[in-house]
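Have a look at the model first, then run through the notes by topic.

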Amino acid sequence: MGVQQDHHDILETLQIDPEFLVQQEHRPTLKYNDYKTAVGQHHVVPVIDLSPLTSKKKKKKEKKSSSGLESSSALTQQEHDAHSSIHNLVEQVGKACEEWGFFQVINHGVSLSLLEELETNAQSFFALPLQEKAKVRRTFENSLGYYDREHTKNVRDWKEVFDFATSGMLQLPADVGSEGKQVISHTNQWPENPSTLREVCENWSKAVEGLAFELLGLISQSLGLPATYFHKFWEPDDSNFIRMNYYPKCPMPNLTLGVTRHKDAGCLTVLVQDEVGGLQVRCKNGEWIGIRPQRDAFVVNVGDLFQVWSNDRYKSVEHRVVVNDNKPRFSFPLFFNPSPRTNVAPLPELLLCGDQVPLYRPYNWGEFMKTKKGSNFKNMGVENLQIYHFAINRDEKRGQVGTPPIL
Ligand SMILES: O=C(O)CCC(=O)C(=O)O
């Protein structure tokens, strides 16, 4: 009897769906609460203090309401200091995007009490009986709502989710190839219980979306572009959605994963996690490291869209979630994504300054998102759509013929 079969038998005895079984080479080797590297060092994803940004906003507000009694030279000095600390922040963000693709932010301005309300409501919702949660179950046609059979790379995730769009709906193309002429509206579904969930989620949306736009501005400046350069892609609509992730305790955490290794397809992910731990990132040397939970921090990562826009300067990085048999875990990512109409390609402004060739051919974000959502709905049995399917000009870049892209 093979090892894989052995594991299938264990899962059957425990009455666990074999779709949860992760292939041997992708199983977790690092425990959910282990934050050391193989050589025992603490390897830490950068933590960036956003106070210069939050205090700039505060000062702007104060200035508006002040009587203008300050002397103009004092203001100039203050403005000068603020300018140089924002410049420093932009540099830190750019370095983190280039070297890690991941960072944490503190002093971000999102209130802790909002987070506490979200956590309480999420706990109440996921504690409901399955038939209650199933009343707002997501379908193939409407990708928003509750779901307990999410797959990543054709492996079932050990988790339950509740998804909602920050604007109330997502308008995705009806078919790939229809060039957005026919769209289907995916609309938020709200449960009766807990009755406060909708309001709390909507307040959370506003706060985290605001933070995401600030981060977008910093990243944009770090690429030498104006702070508002990317805003046009979020008009006239966007495809932002928030996911409430609930990872129940798992009796076989060495054979399964909360989410198997993957890269995020969108622009930015802005996530808050509870104190349990389990989010792990693949470093440049191939080693997995855990991101230690920090109560006052958001974890931010750049997704595939930034990789394409920046022509591989800011790469999307693989990550996964390790579960445990001890404590359930919650996390709340905002997937911050542009309008489904956006055609994505390396930005001409960035190619010009580096005298580079584009490494991707253009693709439509809405069609990509629709295909991706479909492949996460169930095991499709074929490789999921990835950005390397749009890769071009690799041979010129590497000077090698016939080498498949390594992304
Ligand atoms: O739960 C987490 O910390 C990460 C979740 C994640 O990677 C995802 O939902 O795509």
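The protein has 10 helices and 18 strands, where helices (H or I, at least four residues) and strands (E, at least two) are DSSP runs numbered from the N terminus. Keep in mind that this is a predicted model: local features need pLDDT of at least 70, side-chain atom pairs count only at pLDDT 80 or more, and totals for chains, interfaces and linings use all residues. Residues are numbered from 1 along each chain as its sequence is written.

**Overall packing**

- Of the 407 residues, 36% count as buried; that label takes 20 or more other C-beta atoms within 10 Å of a residue's own, while exposed takes 12 or fewer and partly exposed is in between, with C-beta atoms placed from the backbone.
- Take the contacts with a separation of 6 or more: 77% of them link residues 24 or more positions apart. A contact here is two C-beta atoms, placed from the backbone, within 7 Å.

**The core**

- The largest nonpolar core holds 87 residues, meaning a set of buried Ala, Val, Leu, Ile, Met, Phe, Trp, Tyr and Cys residues joined through C-beta atoms within 7 Å.
- Helix α6 (residues 197-222) supplies the largest share of this core, with 10 residues.
- Ala212, Leu215, Leu268, Val270 and Phe298 have the most contacts inside the core.
- Leaving out residues up to four places away in sequence, Val270 touches Ala212, Leu215 and Phe298, and its other partners include Val208, Leu211 and Phe336.

**The eight-stranded sheet**

- Eight strands make an open sheet with mixed pairing, in the order β1-β2-β14-β11-β16-β9-β6-β3; strands pair if DSSP finds at least two bridges between them.
- At the edges sit β1 (47-49) and β3 (145-147), each pairing on one side only.
- From one strand to the next, the twist averages 25 degrees, using axes fitted as lines to C-alpha atoms (for helices, over the stretch in contact) and angles from 0 to 180 degrees between N-to-C directions.
- β1 and β2 (residues 102-106) run parallel and are joined by three bridges; Asp49 has Ile106 as its bridge partner in β2.
- Helix α6 lies across β6, β9, β11 (268-273), β14 (298-302) and β16, at about 130 degrees to β11.

**Helix α4**

- α4 (residues 112-126) has 15 residues and spans 21 Å from first C-alpha to last, close to the 21 Å expected at 1.5 Å a residue; the expected span is 1.5 Å times one less than the number of residues.
- Its buried residues are Leu118, Asn121, Ala122, Phe125 and Phe126.
- Those buried residues fall within an arc of 125 degrees seen down the axis of α4, so they line one face of the helix; the arc is that of the directions from the helix axis to the C-beta atoms.
- They pack against β6 (160-165), α6, β9 (241-247) and β16 (329-336).
- Leu112, Ser113 and Glu116 are exposed on the other side of α4.

**The four-stranded sheet**

- Four strands form an open antiparallel sheet in the order β10-β15-β12-β13.
- β10 (259-262) and β13 (288-290) are at its edges with a single partner strand each, so one side of each has no neighbour in the sheet.
- Direction ignored, neighbouring strands of this sheet are turned by 20 degrees against each other on average.
- Two bridges join β10 to β15 (residues 319-321), and Val259 stands opposite Val321 in β15.

**A buried lysine**

- Lys133, in helix α5 (residues 130-133), is buried because 20 other C-beta atoms lie within 10 Å.
- Not counting residues up to four places away in sequence, Lys133 touches Leu128 and Tyr146.
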